[in-house]
Amino acid sequence: MAQASEMKDTLRKGVLVPELVQPRRFQRMWHKNKYLWLLFLPCLLYYLVFRYAPMFGLVITFKNYNLFKGIWASDWVGFKYYRMFLENPDFLLLMKNTFVLGVCNLAFGFPAPILLALLLNEVKVVVFKRFVQTVSYLPHFISNVIVASMVIMFLSPTGGTINRMIEALGFEPINFMMHPELFRGIYVLSEIWQHIGWETIIYLAALTAVDPQLYEAASMDGAGRMRKLWHVTLPGISFAIVITLILNIGSVLEIGFEKVFLLQNPAIYETADIISTYVYRIGIVQGNFSYGASIDLFMGIISLIFICSANYISRRVSETSLW
């Protein structure tokens, strides 16, 4: 009885109870940070409603979902749709197109904002620097529909700006959107143009945290601009580079649907048909919701494997990781 009494006293004093479990401390924390919690509330509700609640619908990937029967009344089919996708004759082509397009976008799109941030960091004329930043940010706020329309108009074989320049040089116009081998380059260049300025913000913010005394010490040691860039600037923003790289690797297969769908046509399906556009045709157009959801879940699992692997390698090599 004495030991039980001592245990209760100890629990009351908070020795064995975590801080957040203690009602009084939780109330004090809530009262102190209530406005911060209110600011966080919309973000929390967004993820609960649009990210976690829809996970309930993943059960249809194991059912022959019928819109009129409902989820629970639909017949259970197990892994039927996963096997159907793996045995699909177009499976390898879809995976190849999605993976190659994602890797190309990562290989060329990831270094672009880093390079722009480093160049802007070297600019000493403040007015010019702000002008370049503003101009590079603006395309990010243009919708993909407008961007795709602009790309098609610029590359049009009849009156397009690019083909007019080609004709001015004495060459025949090129129908860019009918050549499968050109689609990936067009997509990647449009992505870089649209998002390079916005993604540069992360690296410009990281550059402000680099200690100016390091540059002064490097100058005293006789280091030139390139050596300062290599030994001071890049190590100073390496944390931001590694984190964004891990996130980008995790989204290699999550190529945006809108722009690819708007730029593609049957003549270039050989390279332009990716998993997201295939899911749209199968799941939405043909109404096979279970099959489309199965493909999406399959790709989500692969993306999770990618990001976990990249995070593990980064933690072992550079000691920088998401977790």
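At what angle do helix 10 and helix 13 pack, and how far apart are their axes? The close-up views below, taken from a predicted model, take up this pair of helices and then a second one.

**View 1. The packing of helix 10 against helix 13.** In this predicted model, helix 10, which covers residues 180-207, packs with helix 13, which covers residues 238-250, at an angle of about 155°, and their axes are 9 Å apart. Because an angle over 145 degrees counts as roughly antiparallel, helix 10 and helix 13 are described as roughly antiparallel to each other. The crossing in which helix 10 passes helix 13 is right-handed.

**View 2. The residues between helix 10 and helix 13.** On the side of helix 10 the contact is made by Ile202, Tyr203 and Ala206, while helix 13 contributes Ala240, Ile241 and Thr244. Sorted by class, the residues of this contact of helix 10 with helix 13 comprise 5 nonpolar and 1 polar, with no charged residue among them.

**View 3. The crossing of helix 6 and helix 7.** Helix 6, made up of residues 111-122, and helix 7, made up of residues 126-137, cross at roughly 160°, and their axes come within 10 Å. Helix 6 is therefore roughly antiparallel to helix 7, and the crossing of these two helices is left-handed.

**View 4. The residues between helix 6 and helix 7.** Leu116, Leu120 and Asn121 of helix 6 meet Lys129, Val132, Gln133 and Ser136 of helix 7 in this contact. The contact of helix 6 with helix 7 holds 3 nonpolar and 3 polar residues, together with 1 charged residue.

Key. Residues numbered from 1 in each chain as written. Predicted model: local features only at pLDDT ≥ 70, side-chain atom pairs only at ≥ 80, totals over all residues. Heavy atoms only, no water. Axes fitted to C-alpha atoms, helices over the stretch in contact; angles between N-to-C directions. Helix = DSSP H or I, 4+ residues; strand = E, 2+ residues; numbered from the N terminus. Parallel < 35°, antiparallel > 145°, perpendicular 65-115°, else oblique. Left-handed = near helix turned anticlockwise from the far one by under 90°. Contact = heavy atoms within 4.5 Å. Nonpolar A, V, L, I, M, F, W, Y, C, P; charged D, E, K, R; others polar.
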